Amino acid sequence: MAGFMAQALAEAEAAGARGEVPVGTVVVRDGEVIARAGNRVEELGDPTAHAEMLALRAATTLLGDKRLDDCDLYVTLEPCPMCAAAISLARIRRLYFGAYDPKGGGVEHGAKVFDHATCHHRPEIYGGLEESRSADLLRAFFAERR
């Protein structure tokens with residue numbers, strides 16, 4: 001687990017170096033990383049280019065299947081409602097995330113997407129992995145911009 005979060009953190013650091021909000025993710029299947037991404041919202045001018053969305057797209061393309069029910073997703077920040085909905089639709093088996101996001105999160109905060117009766121799939125959820133390191137990356141990024 002720790003190794004996969006370290007890879008997600010590396011993606012977050014790379015995103016921050018590109019001027020993106022430092023969020024990174026990896027999709028894991030059978031103990032292997034099959035997709036990885038960091039935020040590219042600014043670079044692509046695309047509000048949906050969150051790390052999770054990009055990695056889910058890459059994983060589904062690689063596997064040729066819209067369902068990733070034997071895959072786990074590691075991300076450095078609690079997913080927003082858009083990403084949580086995509087995680088559900090992709091049928092991700094387990095979601096591991098770093099920092100909690102009381103303002104924009106959609107898993108443990110805000111919309112709590114997986115708690116709605118209309119949500120067809122709820123992954124196993126494990127929050128707070130490498131929480132301090134994930135939160136520190138975000139704090140440092142935003143402190144530089146203020």
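User: Before we start, what sort of model is it, and how are residues numbered?
Analyst: It is a predicted model, in which local features need pLDDT of at least 70 and side-chain atom pairs count only at pLDDT 80 or more, while totals for chains, interfaces and linings use all residues. Residues are numbered from 1 along each chain as its sequence is written, and side-chain values use heavy atoms, with hydrogens and water left out.

User: OK, the sheet: what's the strand order?
Analyst: The order is β2-β1-β3-β4-β5, an open sheet of five strands with mixed pairing; strands are DSSP runs of E with at least two residues, helices are runs of H or I with at least four, both numbered from the N terminus, and two strands pair if DSSP finds at least two bridges between them.

User: And which strands stand at the edges?
Analyst: Those are β2 (32-38) and β5, each of which has a single partner strand, so one side of each is left without a neighbour in the sheet.

User: Let's zoom in on β4. Which strands does it pair with, and in what sense?
Analyst: Strand β4 pairs in the parallel sense with β3 (residues 71-77) over five bridges, and also in the parallel sense with β5 (residues 124-127) over four bridges.

User: Is β4 mostly covered or uncovered?
Analyst: Mostly covered, since five of the six residues in β4 (residues 94-99) are buried, meaning under 20% relative accessible area, with exposed over 50% and partly exposed in between (1.4 Å probe, protein chains only).

User: Switching to helices: how do α3 and α4 cross?
Analyst: The axes of α3 (residues 51-63) and α4 come within 9 Å and cross at roughly 25 degrees, where axes are lines fitted to C-alpha atoms, for helices over the stretch in contact, and angles run from 0 to 180 degrees between N-to-C directions.

User: Which residues meet there?
Analyst: Glu52, Met53 and Leu56 in α3 meet Met82, Cys83, Ala86 and Ile87 in α4, contact being heavy atoms within 4.5 Å.

User: Last one, Ala12: buried or exposed?
Analyst: Ala12, which lies in helix α1 (residues 2-17), counts as buried because its relative accessibility is 0%.

User: What does Ala12 touch?
Analyst: Leaving aside residues up to four places away in sequence, Ala12 touches Pro22, Val23, Gly24, Thr76 and Leu137; the C-alpha atoms of Ala12 and Gly24 are separated by 4.0 Å, although these residues are twelve apart along the chain.
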